[in-house]
Amino acid sequence: MRKKFYITTPIFYPNARLHLGHAYSTTLADIVARYHRLRGDEVYFLTGADENTEKVARAARNAEQEPQTYLDSVVASFKRLFSELTISSDQFIRTSDEETHWPGAMELWKRIAARGDLEKRSYTGLYCVGHEAFITEKELSYGKCPEHDEAPQKLSEENYFFKLSKYTAEIKKRIESGEFAIVPQTRRNEILALLERGLEDVSFSRPADKVTLGIPVPGDPSQKMYVWCDALASYISALGFGGKDGTLFKKFWPADVHVIGKDILRFHAAIWPAMLLSAGLPLPRTIFVHGFITSGGRKMSKTLGNVIDPELLIKEYGAEAVRFYLARHISTFEDGDVTLESFKAAYNADLANGIGNLVSRIMRMAEHTNIPKQTNERKDTDDAHSFPQRFTDALDSYNIQAAATLISEAVASLDRRIQETQPFKLIKENPEKGNALIAELVNGLASVPRMLAPILPKTADIILTLIKENRMPATPLFPRR
Ligand code: MSP
């Protein structure tokens with residue numbers, strides 16, 4: 001039987017267009033999803049938008065638009081970007097979708113309430129709209145949230161509280177046993193340290209008259225669900241949990257992996273498992289936590305004004321170039337920097353002078369020789385779904401950069417082999433030996449699209465076709481810039 005594989009991206013705040021940092025979460029998830037499909041797994045890949053939030057409502061007000069009109073246009077820009085980036089998601093969930101999302105979010109709330117884990121308390125706290133979370137006095141710098149450069153709102157109100165503290169020990173146990181995996185190890189340690197200090201209960205609702213958007217609390221319309229409680233529920237509501245058709249939920253839950261950035265680890269590795277435990281549902285198997293894209297040394301963010309628009313890069317260099325940069329040059333588990341200059345330099349080195357040039361060199365020679373065509377055809381059908389062991393190891397441990405590096409190494413080693421053996425000379429001196437060598441190079445080249453397929457799907461297809469048809473590309477795959 002085929003193995004099922006459920007993978008998600010975070011759902012994105014549609015308070016502005018997405019920048020390259022957001023595209024990063026989605027691209028990494030897409031690479032993993034494609035890899036599993038190529039291995040024969042039955043993959044379900046979810047992405048979406050986190051709409052019931054104050055920052056979205058505020059952005060709509062600033063744009064002088066009705067929230068729904070505003071949301072629709074920003075969400076359309078997300079979908080366009082994902083399609084340009086060839087993101088192979090199966091579903092795009094929107095938390096404003098009352099039909100698809102709300103029943104699941106409400107059902108989850110009801111189950112948590114039935115367990116006795118929600119309690120109304122009066123509360124005074126500092127709310128950071130940028131974080132969509134309460135923050136503490138200690139986290140402020142000169143009265144402002146340092147990440148969002150904005151003073152928090154002082155709120156004094158009645159909220160439902162989720163008894164998160166109750167689940168500290170159980171979550172810790174699940175992480176320690178490996179049943180609930182956090183990748184990489186450094187993030188696992190970080191969350192274990194947090195659990196060691198103990199979790200505090202969290203506010204899970206806001207008074208309905210104080211927030212613009214949001215799902216009404218079941219049984220108490222004077223309150224609306226807290227953004228994160230609503231957003232996390234999308235991972236199961238999207239599968240039909242609490243709705244009319246639970247087929248997908250039955251088949252795909254628990255998630256095999258939630259892909260997230262390091263800033264939202266606490267929500268995914270503490271609050272989310274606690275909600276699921278409370279509701280009596282299985283926990284996701286893995287949380288894969290990537291680092292930040294920085295630009296000029298600081299986290300790429302709208303607040304800091306150092307964003308790079310992925311659509312501009314796509315227009316200039318193509319989507320495959322963006323995907324390759326993100327996979328190859330951003331350290332998957334740490335942070336990685338990108339500037340327009342470093343992007344261009346990497347494009348020329350990896351793609352124009354690297355993969356693109358190698359394909360032209362080898363296929364130009366192959367075109368003029370009589371390599372038994374069969375060899376190539378057999379190669380690409382037999383081995384299309386088998387990856388080198390080191391590549392599998394890298395992707396199974398979510399080390400996307402290590403996987404992409406293996407491609408660069410294969411390209412460099414074929415380049416070296418051409419340099420050392422000079423096949424174009426050999427073919428004149430000893431046609432038989434020359435032909436054999438070129439056939440060997442073509443077979444070597446055939447290993448590249450196999451590894452490229454999850455990362456650069458279009459380029460992989462083109463290379464396979466060229467090999468099959470034994471011809472060089474009519475125009476360079478990646479023109480020099
Ligand atoms: N809406 C929440 C997630 C809810 S999931 C149930 C959210 N949205 S977000 O739009 O702010 O961020 C979405 C993703 O983009 C997160 O994984 C975040 O880490 C990632 N990134 C945002 N800026 C980033 C960089 N500069 N670099 C890498 N990833 C970054 O959080």
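Me: Hi! How do the axes of helix H15 and helix H16 cross?
Reply: The axes of H15 (residues 389–396) and H16 (residues 400–421) come within 7 Å and cross at roughly 155 degrees. That makes H15 roughly antiparallel to H16. Angles under 35 degrees count as roughly parallel, over 145 as roughly antiparallel, 65 to 115 as roughly perpendicular and the rest as oblique. Axes are lines fitted to C-alpha atoms, for helices over the stretch in contact, with angles from 0 to 180 degrees between N-to-C directions. Helices (H or I, at least four residues) and strands (E, at least two) are DSSP runs numbered from the N terminus.

Me: Before I go on, what sort of model is this?
Reply: It is a predicted model, where local features need pLDDT of at least 70, side-chain atom pairs count only at pLDDT 80 or more, and totals for chains, interfaces and linings use all residues. Residues are numbered from 1 along each chain as its sequence is written, and side-chain values use heavy atoms, leaving out hydrogens and water.

Me: Good. On to the ligand: how many residues surround it?
Reply: 24 residues surround the ligand, and the closest are Ile11, Asp50, Gly261, Asp263 and Ile293. A residue counts as near if one of its heavy atoms lies within 4 Å.

Me: And which elements each supply at least two residues of that shell?
Reply: Strand S1 (4–12), helix H1 (20–38), helix H7 (227–232) and strand S12 (257–261) each do.

Me: How do H4 and H10 sit relative to each other, parallel or perpendicular?
Reply: The axes of H4 (residues 102–114) and H10 (residues 265–279) come within 8 Å and cross at roughly 70 degrees, so H4 and H10 are roughly perpendicular to each other.

Me: Switching topic, where are the cis peptide bonds you'd point me to?
Reply: One joins Val183 to Pro184, with omega near 0 degrees. Pro184 lies in the loop between strand S7 (181–183) and helix H6 (185–197). Another joins Trp253 and Pro254, with omega about 5 degrees, and Pro254 lies in the loop between helix H9 (247–252) and S12.

Me: Last one: what is phi of Tyr142?
Reply: Phi of Tyr142 is near 50 degrees, a positive value in a residue other than glycine. Tyr142 lies in the loop between strand S5 (133–135) and strand S6 (153–162).
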